[in-house]
Amino acid sequence: MLVGYARVSTADQDPALQLDALHAAGCERVFEERASGARSDRPVLAEAMDFAREGDTLVVWRLDRFGRSLKDLIVKVGQLEQAGVGFRSLTEAIDTTTAGGRLVLHVFGALAEFERELIRERTVAGLEAARARGRKGGRPPAMNRRQVRQAAALLKDPQTVVADVLATFAVSKSTLYRYVSPTGEVRKLPER
């Protein structure tokens, strides 16, 4: 059985083109969803994938209607494959029920993995270069050393209201207490 899945991003978009193509391809059941491709939770897609049984093929008009990214596409097609369900994209002419279609999909997967590895290598190299120049990665601390000392001095005064200290330094209570105890003792100083 061919099971179709059509998706449009907004309520004012018309899925007619996709629906016509899916019906023309012979889909007996078509699931239609109105959800952004950026959303990871697409309940109608999950329903379509659950509906498809071993030997069925899930058909989409274009790859971007099915996966949010190449990685997401590979994962979802892998899930279908494990369930014995084929995958077909009409526009890109990819059909995992054929050897050629599986080859194309595996090439896509290898390219996605290669791209992730390049990004990771560039990130590591950039961090090492920054460290060599004396820079540290990450977010700066919410309070600097001078502010921690000032907050400690304020908290040592029994007349001080903690809410006033929080407002003065624009930090949360948990951030303040990470550096200074409620009695005004410095717990730790930020690195910067």
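## Helices α5 and α6

What is the handedness of the crossing of α5 and α6? In this predicted model, the two helices cross in a right-handed way. The residues involved are Gln147, Gln150, Ala151, Leu154 and Leu155 on the α5 side, and Val162, Val165 and Phe169 on the α6 side. Sorted by class, the contact of α5 with α6 comes out as six nonpolar residues, two polar ones and no charged ones.

Now for the geometry. Helix α5 covers residues 145-156 and helix α6 covers residues 162-169. Their axes sit 10 Å apart, and the packing angle is about 160°. An angle over 145 degrees counts as roughly antiparallel, so that is how α5 runs relative to α6.

## Helices α3 and α4

Next up is the pairing of α3 (residues 70-82) with α4 (residues 99-132). Here the axes come within 9 Å of each other and cross at roughly 135°. The two helices are therefore oblique to each other. As for handedness, α3 passes α4 in a left-handed crossing.

Which residues of α3 meet α4? They are Leu70, Lys71, Leu73, Ile74 and Val77. From α4, the partners are Leu105, Phe108, Gly109, Ala112 and Arg116. By class, this contact of α3 with α4 holds seven nonpolar residues, one polar residue and two charged residues.

Is Lys76 buried or exposed? With a relative accessibility of 12%, Lys76 counts as buried, because the cut-off for buried is under 20%.

What does the side chain of Lys76 pair up with? It makes a polar contact of 2.8 Å with the side chain of Asp72. Leaving aside residues up to four places away in sequence, Lys76 touches Arg42, Leu45, Met49 and Phe66.

Where does Arg42 lie? Its spot is the loop that links β2 (29-34) to α2 (43-51). Arg42 is buried as well, at a relative accessible area of 5%.

The side chain of Arg42 has a polar atom 3.1 Å from the backbone oxygen of Phe66.

Key
Residues are numbered from 1 along each chain as its sequence is written. This is a predicted model: local features need pLDDT of at least 70, side-chain atom pairs count only at pLDDT 80 or more; totals for chains, interfaces and linings use all residues. Side-chain values use heavy atoms; hydrogens and water are left out. Axes are lines fitted to C-alpha atoms, for helices over the stretch in contact, and angles run from 0 to 180 degrees between N-to-C directions. Helices (H or I, at least four residues) and strands (E, at least two) are DSSP runs, numbered from the N terminus. Angles under 35 degrees count as roughly parallel, over 145 as roughly antiparallel, 65 to 115 as roughly perpendicular and the rest as oblique. A crossing is left-handed if the near helix is turned anticlockwise from the far one by less than a right angle, and right-handed if clockwise. Contact means heavy atoms within 4.5 Å. Ala, Val, Leu, Ile, Met, Phe, Trp, Tyr, Cys and Pro count as nonpolar, Asp, Glu, Lys and Arg as charged, and the others, Gly among them, as polar. Buried means under 20% relative accessible area, exposed over 50%, partly exposed in between (1.4 Å probe, protein chains only). A polar contact is a pair of N or O atoms within 3.5 Å; within protein, one must be able to donate a hydrogen and the other to accept it, and residues adjacent in sequence count only if both atoms are side-chain atoms.
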